[in-house]
Amino acid sequence: MADLAVPERTGHLKVPEATLYYEVRGEGPLLLMMPGGSGDAGLYGRMAERLADSWTVAAFDPRGYSRSVLDGAPGDQQAAVHSEDAHRLIELLAPDGGPVSVFGSSSSAIVALDLLARHPERLHQVVAHEPPLVELMPDPEQGRKLFAAVRESFREGGVAAAMATMTEGLTDPEAEPPAGGERGAAPAPSAREAEAFRRMRANLPVFLEHVLCSFSGYVPDPAALRRGAGQLVIGVGQDSRTLFTALPGARLADEVGGRLVEFPGGHTGCTEDPDAFAERLRAVLLDRTLQGALG
């Protein structure tokens with residue numbers, strides 16, 4: 001990402017009530033990467049660089065974030081609206097109907113599931129990494145209360161207070177330290193990445209107020225996902241398998257089918273070690289035999 005070894009193409013797509021900004025690298029079958037949390041297309045810069053040798057890798061800023069501007073004031077966002085945004089982008093970038101793969105993490109994993117339920121005919125593979133589906137947590141009420149408390153902390157004390165509430169609620173005090181061995185130090189961010197991080201921090205108020213609770217409260221369509229189970233991979237971080245945000249994915253895989261696959265790092269593994277995460281995603285998309293397959 002630092003030197004943009006792979007040429008990048010950018011564009012805008014008008015969708016109902018918003019205009020989406022997107023970035024494209026590489027050639028080959030389309031791989032659409034959807035950022036979670038407050039992330040935008042810059043979240044996947046390093047991963048896109050690694051994967052652009054085999055795919056046309058596209059990423060975009062979700063509506064209301066960074067360079068994807070809403071036509072009006074922000075309101076509570078819905079996963080179904082975001083999945084239709086993704087579908088329109090797929091139709092733009094893969095108009096020939098060729099195979100399309102989709103990756104989503106955290107809140108965007110929920111969007112990926114909705115996209116599979118609505119448009120399975122357009123998707124070759126869907127990788128949903130740790131969708132925080134409250135209704136599939138062991139104690140749904142605990143999840144509802146946590147995310148509501150995070151939003152209330154934001155309203156009362158701002159972003160720092162909200163993130164502290166989130167961290168405290170997601171920490172398992174009885175968990176053992178990760179056993180995956182020491183990782184190398186993360187590379188220093190380039191100027192381009194530093195700017196992306198600033199944009200994504202600026203998106204946090206929208207995420208905390210308008211995305212967190214509505215997305216986590218999404219209820220999947222089991223019948224529709226069973227029909228697409230052959231296309232579905234559920235990702236679980238090797239360092240976060242005991243956290244309740246990781247547990248809904250395993251339960252979903254049990255209920256609807258699909259493969260359960262371990263990815264490097266934790267809930268935000270794609271930013272903790274983007275190179276290792278990209279290579280794991282490559283193996284999944286190429287359907288290689290995976291030592292970390294859990295189901």
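Me: What is the volume of the largest pocket, and what makes a space a pocket rather than a cavity?
Reply: The largest pocket has a volume of about 790 Å³, meaning the space filled by probe spheres set on grid points joined across faces, edges and corners. On a 1 Å grid over the protein atoms alone, a pocket is an open set with protein on both sides within 12 Å along at least five of seven lines, whereas in a cavity a 1.4 Å probe fits but cannot get out. The model is predicted, so local features need pLDDT of at least 70 and side-chain atom pairs 80 or more, while totals for chains, interfaces and linings use all residues. Residues are numbered from 1 along each chain, and side-chain values use heavy atoms, without hydrogens and water.

Me: Which residues that line the largest pocket are closest to its centre, and which helix gives the most to the lining?
Reply: A lining residue has an atom within 4 Å of a point; there are 34, and the closest to the centre are Gly36, Gly37, Ser106, His267 and Thr268. Helix 7 gives the most, with 6 residues, a helix being a DSSP run (H or I) of at least four residues.

Me: Why is helix 11 said to be largely enclosed?
Reply: Buried means under 20% relative accessible area with a 1.4 Å probe, protein chains only; 9 of the 12 residues of helix 11 pass that test, so the rest of the structure largely encloses this helix. Among them are Pro274, Phe277 and Leu285.

Note on methods:
Helix = DSSP H or I, 4+ residues; strand = E, 2+ residues; numbered from the N terminus. Buried < 20%, exposed > 50% of the residue type's maximum accessible area, 1.4 Å probe, protein only.
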